[in-house]
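Here is a colleague's note on the model shown below. Please read each point with the structure open beside it.

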Amino acid sequence: MTHSLTRRAALAAALALAMGGAFAQDIKERTIKFATQNPKGHPIVMGMEKFGEVVKAKSGGKIKVNLFPGGVLGGDAPNISALQGGTLEMVVMNSGILASQVKEFAVFDFPFMFATPQEADAVVDGPFGKMLLAKLDAKGIHGLAYWELGFRNITNGKRPINKVEDIAGLKLRVIPNAINIDWVTALGGNPTPMAFPEVYAAMEQKAIDGHENPFSVIAANKFYEVQKHLAVTNHQYNPQTVIVSKKLWDSMSNDEKKIFGEAADEASAYQRKISREQAVAALDSLKKNGMQVTEFNAAEMTKFRDKMKPVIDKHAAIVGPDVVSALQAELAKVRGK
């Protein structure tokens with residue numbers, strides 16, 4: 001009898017183990033729309049693909065993630081609105097754009113805030129980044145993770161940029177927020193806020209002279225077809241925030257939330273690796289496609305940084321000195337290691 005009971009217990013344990021994963025979890029059949037401004041083949045979209053694969057595997061195929069790259073669901077502002085309304089489930093976008101919802105996110109657009117991608121990783125993955133994500137919930141948005149776009153550089157169709165003064169007079173598209181308008185103005189340029197899907201046509205039609213973005217974005221969107229000059233300025237580093245509709249998040253079980261969190265983290269590591277590998281290849285591709293590349297010497301970079309100081313001071317006061325101090329304290333820790 002004892003032997004029989006032991007055997008039954010072993011069979012029950014084996015059955016429970018076999019039913020682990022999706023069968024034992026509280027997971028509903030769901031189809032998720034996940035949008036971005038970046039085109040297929042870009043590291044951001046590759047991160048989205050990775051996220052979808054992990055979610056599908058961990059949910060036993062119950063949760064399907066449909067991707068909408070290339071701004072096909074509209075610009076960032078409409079995407080945020082749709083997310084808050086619950087008609088769009090997920091978006092990944094420049095973190096600074098979320099300053100329209102939580103002003104502290106503007107700190108991620110401060111010029112020359114990060115010196116390396118690794119510094120940014122430490123800050124966004126640590127207490128500071130988590131603190132900002134937590135602030136989004138009150139706005140109908142849930143923050144999952146940070147990915148990477150990379151360091152931004154300036155393109156234009158008029159002239160090579162060899163010194164800071166060469167930027168003066170150029171009509172440059174900027175992400176529609178105040179700090180980007182202010183830093184271009186500080187250089188004597190003419191900032192033109194514009195949704196990303198409109199940028200290629202605007203450059204092609206000479207409605208704007210140029211714009212600024214990381215190498216991977218410039219290459220993936222074939223901006224070399226309508227822009228001749230590229231200045232390597234590395235003036236901003238762009239963390240990207242992966243966000244979920246709070247309406248969706250609140251409807252999810254703990255098991256589903258766990259799957260999304262784990263998938264976002266796995267995709268983060270993958271996406272950042274791909275992004276950094278592609279940045280080098282993208283610059284080579286831009287050169288091969290005819291872009292003339294210039295770099296500032298040390299004196300010009302110092303001049304550029306000096307012109308940014310009043311802009312940073314102005315926006316530090318808006319964001320909150322305590323927030324800027326917290327970010328700088330995190331950076332000091334990283335740099336001290």
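In which crossing, right-handed or left-handed, does α6 pass α11? Keep that question in mind for point 3. Remember throughout that this is a predicted model.

1. **Overall layout.** Begin with the whole chain. The protein chain has 12 helices and 11 strands. Its C-alpha trace spans about 90 × 40 × 40 Å along the principal axes. Of its 337 residues, 52% count as buried. Now look at the contacts with a separation of 6 or more. Residues 24 or more positions apart account for 77% of them.

2. The largest nonpolar core holds 54 residues. Within this core, Phe-105, Val-107, Phe-108 and Phe-114 touch the most other members. Helix α11, residues 298-319, gives the most to this core, with 6 residues. Val-107 is worth a click. Beyond its neighbours within four places in sequence, Val-107 is in contact with Met-113, Phe-128, Leu-132, Val-319, Val-324 and Leu-327.

3. **Helix α6 against α11.** Here is the answer to the opening question: α6 passes α11 in a right-handed crossing. The two axes come within 9 Å and cross at roughly 145°. On the α6 side, the residues that meet α11 are Ala-178, Ile-179, Asp-182, Trp-183 and Ala-186. On the α11 side, they are Phe-304, Lys-307, Met-308, Val-311, Lys-314 and His-315. By class, this contact has 7 nonpolar, 1 polar and 3 charged residues.

4. **The buried residues of α6.** Helix α6 covers residues 178-186. Which of its residues are buried? They are Ile-179, Asn-180, Asp-182, Trp-183 and Val-184. These buried residues pack against α11 and against the strands β5, β6, β7 and β8. Find those strands at 153-156, 171-174, 190-193 and 210-213. Just after α6 comes Gly-188, with a positive phi of about 85°.

5. **Helix α4 against α12.** Helix α4 is residues 117-125, and helix α12 is residues 321-336. They pack at an angle of about 125°, with their axes 10 Å apart. That angle makes α4 oblique to α12. The crossing of α4 and α12 is right-handed. Glu-119, Ala-122 and Val-123 of α4 make the contact with Leu-327, Glu-330, Leu-331, Val-334 and Arg-335 of α12. By class, there are 5 nonpolar, no polar and 3 charged residues in this contact. Leu-327 was also in point 2, as a contact of Val-107.

6. **Ile-97, a loop residue.** Ile-97 lies in the loop between β3 (90-94) and α4. Is Ile-97 buried or exposed? Ile-97 has a relative accessible area of 12%, so it counts as buried. The cut-off for buried is under 20%. Not counting residues up to four places away in sequence, Ile-97 touches Asp-76, Ile-80, Ile-175 and Asn-177. Take Ile-175 as one of these. Ile-97 and Ile-175 are 78 residues apart in sequence. In space, their C-alpha atoms are 7.6 Å apart.

7. **Thr-233, another loop residue.** Thr-233 is in the loop between β9 (229-232) and β10 (237-245). Its relative accessible area is 2%, so Thr-233 is buried. What does Thr-233 touch, leaving out residues up to four places away in sequence? Thr-233 touches Phe-112, Arg-152, Asn-153, Ile-154, Phe-296, Met-301 and Phe-304. Phe-304 also meets α6, as listed in point 3. Thr-233 and Thr-116 are 117 residues apart along the chain, and their C-alpha atoms are separated by 13 Å.

8. **Positive phi without glycine.** Check two residues here. Lys-206 has a positive phi of about 65° although it is not a glycine. Lys-206 lies in the loop between α7 (199-204) and β8. Lys-206 is exposed, because its relative accessible area is 63%. Asn-234 is not a glycine either, and has a positive phi of about 50°. Asn-234 is found in the loop between β9 and β10. At 36% relative accessibility, Asn-234 counts as partly exposed.

Terms used
Residues numbered from 1 in each chain as written. Predicted model: local features only at pLDDT ≥ 70, side-chain atom pairs only at ≥ 80, totals over all residues. Heavy atoms only, no water. Core = buried A, V, L, I, M, F, W, Y, C linked by side-chain atoms within 4.5 Å. Buried < 20%, exposed > 50% of the residue type's maximum accessible area, 1.4 Å probe, protein only. Helix = DSSP H or I, 4+ residues; strand = E, 2+ residues; numbered from the N terminus. Contact = heavy atoms within 4.5 Å. Axes fitted to C-alpha atoms, helices over the stretch in contact; angles between N-to-C directions. Parallel < 35°, antiparallel > 145°, perpendicular 65-115°, else oblique. Left-handed = near helix turned anticlockwise from the far one by under 90°. Nonpolar A, V, L, I, M, F, W, Y, C, P; charged D, E, K, R; others polar.
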